[in-house]
Amino acid sequence: MAKNIIILGKPNAGKSSLLNAFLGKQVAVVNNFEGLTRDLKEIELIINENIYNVIDSPGITKCKNLLEKEIKKKTISLLKKCNLILLVIDGKQSLTSEDLEIFKVARKSKKHTLLIINKTEGKINKTTYSECCNLGFGLPIKVSTAHMQGIENLKNLISEILPCNNSDKSLKEIQKLSIAIVGKTNSGKSTLLNSLKGENLSMTGALPNLTRDAVETTIKTNLFESKIIDTAGFSKS
């Protein structure tokens, strides 16, 4: 059975970029705009014949409104079903109160945590690296998602820490389907995805454009495996 991995971190630390680097293609929207990711994006990742469900989470911040509180609550509740946390920080910046809050969340979950320092191409913040060495998560792992540095080493480390038993040959005989949910904004696409999955992966509410990029998840039964994609709503541009 596939094991679950969640990517945590404050906004703009490189969580979605790490997800893209794992796959070698862009499946999550990335930009310098803070708070771009609002939903939980789940993808299937194969490392050394091991199958993992990797979840890209929205950035955890000091909550300024009800939407941010709901995002934080949903992210923290998801930790219960995860086997490994990839905690991403920005290697160019100093640690902030938001970073410290996320460290507390990771410790409280009591889940195995790998501390990932992103943006380590060129010079990094030496003080930040030194502080990270003393956080109790072991030596931080340096990567650069923009330059694909350290990604393969990280993937190999994950497969060593979380070996999976995916030897069930019947999995190869399961029919695989891909389904996209499309429609105008606020018509109920994200609500439908959440109902099919049985979890609140996509943000829902009365406000339009809550979903900013496609949210992908997989639903498996004994007969078929469906990749379901919740798309951003169509609107007049």
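1. Strand 4 and strand 5 pair in the parallel sense over seven bridges. This is a predicted model, by the way, so read everything below as computed from predicted coordinates. Within that pairing, Leu-87 has Leu-115 of strand 5 as its bridge partner. On the strand 1 side, four bridges join strand 1 to strand 4, again in the parallel sense, and there Ile-6 stands opposite Ile-85 of strand 4.

2. Which faces of strand 4 are covered? Both are: Leu-84, Leu-86, Val-88 and Asp-90 are buried on one side, and Ile-85, Leu-87 and Ile-89 are buried on the other. For the chain as a whole, 46% of the 237 residues count as buried.

3. Asp-90 deserves a look of its own. This residue lies in strand 4 and counts as buried because its relative accessible area is 11%, with the cut-off for buried being under 20%. Neighbours within four places in sequence aside, Asp-90 is in contact with Asn-12, Ala-13, Asn-118, Lys-119 and Thr-128. Thr-120 is 30 residues from Asp-90 along the chain, and their C-alpha atoms are separated by 8.3 Å.

4. Ile-116 has Ile-141 of strand 6 as its bridge partner. Counting over the chain, there are six helices and nine strands.

5. Helix 1 (residues 15–23) packs with helix 5 (residues 151–161) at an angle of about 85 degrees, and the two axes are 10 Å apart. That angle is why helix 1 counts as roughly perpendicular to helix 5, a label that covers 65 to 115 degrees. From helix 1, Leu-18, Ala-21 and Phe-22 take part, and from helix 5 they meet Ile-151, Leu-154, Lys-155 and Ile-158. Sorted by type, the contact has six nonpolar residues, no polar ones and one charged.

6. Where do the buried residues of helix 5 sit around its axis? The buried set is Ile-151, Leu-154, Lys-155, Ile-158 and Ser-159. They span an arc of only 140 degrees around the axis, so they share the same side of helix 5. On the face of helix 5 turned away from the buried side are the exposed residues Asn-153 and Glu-160.

7. Ile-151 counts as buried because its relative accessible area is 1%. Setting aside neighbours within four places in sequence, its contacts are Leu-18, Ala-21, Phe-22, Val-143 and Thr-145. Leu-18 and Ile-151 are 133 residues apart in sequence, yet 8.3 Å apart in space, C-alpha to C-alpha. On the scale of the chain, 66% of the contacts between residues at least 6 apart in sequence join residues at least 24 apart.

8. Two backbone spots to check by eye. Most residues other than glycine have a negative phi. Glu-49, however, has a positive phi, near 70 degrees; this residue lies in the loop between strand 2 and strand 3 and counts as exposed because its relative accessibility is 70%. Lys-110 has a positive phi too, near 60 degrees. Lys-110 sits in the loop between helix 3 (97–109) and strand 5, and its 75% relative accessibility is why Lys-110 counts as exposed.

Definitions and conventions
Residues are numbered from 1 along each chain as its sequence is written. This is a predicted model: local features need pLDDT of at least 70, side-chain atom pairs count only at pLDDT 80 or more; totals for chains, interfaces and linings use all residues. Side-chain values use heavy atoms; hydrogens and water are left out. Axes are lines fitted to C-alpha atoms, for helices over the stretch in contact, and angles run from 0 to 180 degrees between N-to-C directions. Helices (H or I, at least four residues) and strands (E, at least two) are DSSP runs, numbered from the N terminus. Angles under 35 degrees count as roughly parallel, over 145 as roughly antiparallel, 65 to 115 as roughly perpendicular and the rest as oblique. Contact means heavy atoms within 4.5 Å. Ala, Val, Leu, Ile, Met, Phe, Trp, Tyr, Cys and Pro count as nonpolar, Asp, Glu, Lys and Arg as charged, and the others, Gly among them, as polar. Buried means under 20% relative accessible area, exposed over 50%, partly exposed in between (1.4 Å probe, protein chains only). The arc is that of the directions from the helix axis to the C-beta atoms. Two strands pair if DSSP finds at least two bridges between them.
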